[in-house]
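Please look over the sequence and the 3D structure below. A short report follows, going from local details to the whole chain.

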Amino acid sequence: MQAVGMEPQVLIDILVGAKTGVIYNFNTDHRGDLVVTSYALKEAGLPSNMAGAVVQLEDVEETEDGDFIWKFNPDVKLIRPFKVHGTMELFEVPDENIHYEATNWFNVEAENAGHEKIQAWMADYIAKHPDLDRIPREDIPDDIANMAASFDDWRSAYFDFLYRPTKAQRKELRTARYEVEPK
């Protein structure tokens, strides 16, 4: 799949839904799926050399000063982070490296909706089985288990790409929330 690099903070802004366009000094005819990645900039608490999501490149417009605004659809598909060595141009990443997450855990609204879905199922299960202190894995529907595992696994993978993570990031991203056992 085609990929493009950007500054780490710009990648974060795209992941959270705060940015739907990036300015580059080059054009492209490519439209459609595009992996967005962070450059190898060493900025404390930000990802470096990381593929982070798949977006839809919908349009490219030239600016008055000769740069190009790449416009993305705001629907961001979070992927399990993997290492890239991007360039200042479009480059290829192997399709087999792209693993979509159950939801965009980086977007607060999407994350909250995911947790609400998991919590609602758990509350219903616990109400029906008040004597249990742990939910057996075989009783958890695959969609709920996959979503819960995705949350913990994504956070762990993301942590590995942070350059000099903050103390809060170390605590938050290393703590498993659901600890779903494999089936």
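Helices here are DSSP runs of H or I with at least four residues, strands are runs of E with at least two, and both are numbered from the N terminus. This is a predicted model: local features need pLDDT of at least 70, side-chain atom pairs count only at pLDDT 80 or more, and totals for chains, interfaces and linings use all residues. Residues are numbered from 1 along each chain as its sequence is written, and side-chain values use heavy atoms, with hydrogens and water left out.

Most residues other than glycine have a negative phi. Asn49 is not a glycine, yet its phi is positive, about 55°. Asn49 sits in the loop between strand 3 (32-38) and strand 4 (50-62). Is Asn49 buried or exposed? Asn49 counts as buried, because its relative accessibility is 10%. Buried means under 20% relative accessible area, exposed means over 50%, and partly exposed lies in between (1.4 Å probe, protein chains only). Glu179 also has a positive phi, near 50°, and is a residue other than glycine. Glu179 lies in the segment after helix 4.

## The whole chain

The protein chain has four helices and seven strands. Along the sequence, their pattern is β-α-β-β-β-β-β-β-α-α-α. The C-alpha atoms fill a box of roughly 70 × 30 × 30 Å along the principal axes.

The chain has 183 residues, and 44% of them count as buried. Contact means heavy atoms within 4.5 Å. Take the contacts with a separation of 6 or more: 66% of them join residues 24 or more positions apart.

## Buried spots

Helix 1 spans residues 8-16, and its buried residues are Pro8, Val10, Leu11, Ile12, Ile14 and Leu15. An α-helix has 3.6 residues a turn, so residues three or four places apart point the same way.

Val35 belongs to strand 3. Val35 counts as buried because its relative accessibility is 0%. Which residues does Val35 touch, not counting those up to four places away in sequence? They are Met1, Gln2, Ala3, Val4, Ala51, Ala53, Val54, Ile79, Val93 and Ile98. Val35 and Met1 are 34 residues apart in sequence, but 7.1 Å apart in space, C-alpha to C-alpha.

Thr103 is in the loop between strand 7 (91-92) and helix 2. Thr103 is buried, because its relative accessible area is 17%. Leaving out residues up to four places away in sequence, Thr103 touches Leu78 and Ala110.

## Two packed helices

Two packed helices are described by the angle between their axes and the distance between the axes. Helix 3 (residues 142-159) packs with helix 4 (residues 167-174) at an angle of about 145°, and their axes are 8 Å apart. Axes are lines fitted to C-alpha atoms, for helices over the stretch in contact, and angles run from 0 to 180 degrees between N-to-C directions.

Which residues meet? From helix 3 come Arg155, Ser156, Tyr158 and Phe159; from helix 4 come Gln169, Arg170, Glu172, Leu173 and Arg174. This contact has three nonpolar, two polar and four charged residues. Ala, Val, Leu, Ile, Met, Phe, Trp, Tyr, Cys and Pro count as nonpolar, Asp, Glu, Lys and Arg as charged, and the others, Gly among them, as polar.

## After helix 4

Val180 is in the segment after helix 4. Val180 is partly exposed, because its relative accessible area is 25%. Not counting residues up to four places away in sequence, Val180 touches Arg137, Ala145, Ala148 and Ala149. Val180 and Ser150 are 30 residues apart in sequence and 9.6 Å apart in space, C-alpha to C-alpha.
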